[in-house]
Amino acid sequence: MTDVPHLSLHVPEPAVRPGGQPDFSNVKIPKAGSVPRPPVDVASEEIRDLAYSIIRVLNRDGEAVGPWAGLLSDEELLTGLRNMMKLRAFDARMLMAQRQGKTSFYMQHLGEEAVSCAFRKALVKGDMNFPTYRQAGLLIADDYPMVEMMNQIYSNEADPLRGRQLPIMYSSKEHGFFTISGNLATQYVQAVGWAMASAIKNDTKIAAAWIGDGSTAESDFHSALVFASTYKAPVILNIVNNQWAISTFQGIARGGSGTFAARGLGFGIPALRVDGNDYLAVYAVAKWAAERARRNLGPTLIEYVTYRVGAHSTSDDPSAYRPKTESEAWPLGDPVLRLKKHLIVRGVWSEERHAQAEAEILDEVIQAQKEAESHGTLHAGGRPSVRDIFEGVYAEMPAHIRRQRQKAGY
Amino acid sequence: MARMTMIEAVRSAMDVSMGRDDDVVVFGEDVGYFGGVFRCTQGLQAKYGKTRCFDAPINESGILGTAIGMAAYGLKPCIEIQFADYMYPAYDQITQEAARIRYRSNGDFTCPIVVRMPTGGGIFGGQTHSQSPEALFTHVCGLKVIVPSNPYDAKGLLIAAIEDPDPVMFLEPKRLYNGPFDGHHEKPVTPWSKHELGEVPDGHYTIPIGKAEVRRQGEAVTVIAYGTMVHVALAAAEETGIDAEVIDLRSLLPLDLDTIVQSVKKTGRCVVVHEATLTSGFGGEVVSLVQEHCFYHLEAPIVRVTGWDTPYPHAQEWDYFPGPARVGRALREVMEG
């Protein structure tokens with residue numbers, strides 16, 4: 001046995017660390033319009049390539065090309081642009097509010113706005129999302145009032161969640177947005193259960209599960225794929241691959257698998273990769289998956305290839321683990337600028353109108369912020385009652401919690 | 001009125017609930033076509049169809065996770081974890097999800113699920129088929145925790161659990177499935193058909209969650225027990241001739257504190273019995289509450305009789321199981337104290 005070499009442990013590393021030159025040469029970007037659009041009843045083994053490619057609609061010149069193009073009207077695209085701009089402005093104001101001490105914590109979407117904003121438009125009322133903490137575009141694009149979101153972020157007296165939840169952990173059944181846990185991956189398998197229930201009741205509604213690249217390593221991700229595959233649940237299994245899980249690059253979760261989408265293939269789940277910074281591509285792929293689910297053809301796995309331009313949260317400092325200029329080198333560009341360019345190419349938008357829209361949106365966000373702040377912020381003004389600690393643990397308050405509430409003086 | 005084993009009683013509870021409410025669904029490992037390894041769901045798939053009673057993959061976090069999603073949709077899942085010992089992969093879903101969905105969403109979403117799980121030892125199941133993890137649930141706010149001790153209660157409590165708007169952990173002492181086992185493993189167990197609590201109505205009835213039952217009136221000492229230990233305590237009282245009052249908690253969370261306090265104030269002595277391990281066990285909570293509420297009525301230190309703080313052994317099962325001899329010694333100890 002003397003000729004057997006000693007073992008060594010493989011620990012993956014990102015291509016570049018701070019101080020280095022950003023390098024995305026390993027991210028292969030196919031030409032826009034080059035990936036075929038299969039029929040929705042296709043078998044997963046017939047479209048294995050789609051789990052390793054990237055579906056793109058917008059080309060460098062801002063034109064919509066290929067078989068996934070042509071689904072959205074001018075008006076729908078203008079709404080999409082407005083929603084992404086709104087989310088970006090909302091994020092900027094709330095980040096500032098956090099820096100001003102008006103709340104404890106915030107998480108922004110910078111660079112990922114297209115994913116949730118476009119996806120929402122592929123669902124209909126009654127469908128249910130099981131989101132993570134970076135899909136507020138689902139609410140914005142469904143016209144959920146920004147002031148309600150801010151009330152939650154501020155944990156003020158008008159907070160619909162009565163001060164119980166960390167900022168941005170929204171909940172709105174009415175808007176098809178399941179209560180965010182703050183845990184990771186647990187919601188993924190719950191979405192499959194919700195979809196199974198819809199099928200059990202012979203309903204027409206579908207569910208959407210959300211997860212980040214890092215959390216696909218959780219066993220609940222695997223559980224979700226097992227159940228979705230076994231029962232052919234009407235669910236869209238979304239993976240937002242924004243390259244970074246806090247400080248951990250996506251290679252730590254992905255391991256030896258070529259892509260995250262490819263994980264679906266072993267379960268017989270059709271799996272697609274899409275340009276997550278391309279509003280039109282995200283919508284087209286989501287629509288395809290929604291149609292599969294709605295027609296009882298079962299689950300679809302979608303990997304959105306995007307980039308987390310900002311920090312993970314207000315408690316994070318990305319300069320400690322990745323080059324500062326990395327986001328500029330990201331080859332899929334900025335989702336807002338790309339859609340803006342496309343609309344200008346279409347002849348329905350202009351720099352002037354864009355600047356005007358930006359100003360209008362900022363105004364709208366500031367108005368909502370003023371209204372929310374009139375109900376208080378985390379450390380000032382109106383706040384939820386101490387009674388709210390004790391309410392709602394159960395439908396009916398049991399005696400032991402009532403005694404504790406009385407002990408607390410309420 | 002029919003005679004039922006505890007298996008038949010829980011099956012009847014699910015049958016009645018599924019018959020009354022189309023939103024009740026039952027699933028878990030082996031529960032569909034076969035009817036469960038303990039046969040608790042036998043016949044339900046044939047009667048209600050395979051979309052209302054079905055087999056699940058061997059994936060407890062998936063079983064819990066999908067049940068939570070179904071409950072969010074509006075169904076009332078009653079799921080089986082094949083052995084309580086298998087629930088750990090699902091613990092995250094139970095504690096951080098099921099238990100808190102109502103609270104964290106301020107009632108926007110709720111989680112009316114029932115998690116049935118055969119629990120406890122006495123069947124030579126070794127360390128992975130004998131555990132009593134109830135204290136891991138009673139420590140979690142937002143859950144309800146039930147441990148029935150007989151077929152009549154099992155059915156009434158299970159129907160109440162299915163109709164409850166919040167998540168309920170329903171621990172079925174598997175050693176009681178076929179009879180009121182009192183710890184005398186050397187003797188054959190009396191079948192439920194010969195026991196008055198084996199008389200179970202065929203139709204719908206409920207037992208309120210959070211109400212204990214006094215199984216034996218007594219003046220000398222209060223024994224607080226649940227599940228299998230109720231029958232062990234009754235045997236110990238008979239065998240020692242000590243006039244013990246035996247309380248069957250039935251529901252650990254919420255807990256019927258009034259019944260406990262009333263009894264201990266009367267007897268002045270207290271023994272707490274459970275099969276689970278001692279340290280940080282549910283008995284610790286009961287003892288603490290008794291001293292808080294009955295301190296000036298106590299005439300002796302409270303004694304706990306429990307499983308040892310070791311994994312549940314295989315060959316030495318009956319040296320581990322807190323049987324009537326050990327409970328009897330505890331009764332004498334508090335009477336002398």
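These numbered points walk through a predicted model and its contacts.

1. Start where the chains meet. Chain B puts 35 residues into the contact, and chain A puts in 36 residues. Keep both chains in view as you read on.

2. Now look at the side of chain B that touches chain A. Three helices of chain B each give two or more residues to this side: helix 3 (60-73), helix 4 (91-98) and helix 5 (101-104). Which element gives the most? Helix 3 of chain B does, with 10 residues.

3. What is this side made of? By class, the side of chain B that touches chain A holds 15 nonpolar residues, 14 polar residues and six charged residues.

4. Turn to chain A. For residues 83-379 of chain A, UniProt lists "domain: Dehydrogenase E1 component", in an unreviewed entry. Over residues 83-379, chain A is 42% helix and 10% strand. The end C-alpha atoms of that stretch are 30 Å apart.

5. Chain B has its own division. Domain 1 covers 2-200, and domain 2 covers 213-336. Taken over C-alpha atoms, the centres of these two domains of chain B are separated by 25 Å.

6. The two domains of chain B also touch. Their contact takes 30 residues from domain 1 and 29 residues from domain 2. On the domain 1 side, the elements giving two or more residues are helix 6 (134-138), strand 6 (144-146) and helix 7 (151-163) of chain B. By class, that side of domain 1 has 12 nonpolar, 13 polar and five charged residues.

Key: Residues are numbered from 1 along each chain as its sequence is written. Chains are lettered from A and ligands numbered from 1 in the order in which they are written. This is a predicted model: local features need pLDDT of at least 70, side-chain atom pairs count only at pLDDT 80 or more; totals for chains, interfaces and linings use all residues. Two residues are in contact if their C-beta atoms, placed from the backbone, lie within 7 Å. Helices (H or I, at least four residues) and strands (E, at least two) are DSSP runs, numbered from the N terminus. Ala, Val, Leu, Ile, Met, Phe, Trp, Tyr, Cys and Pro count as nonpolar, Asp, Glu, Lys and Arg as charged, and the others, Gly among them, as polar. UniProt positions are given in the numbering used here, feature names are shortened, and annotations may be inferred rather than shown by experiment. Domain bounds come from an automatic or database domain assignment.
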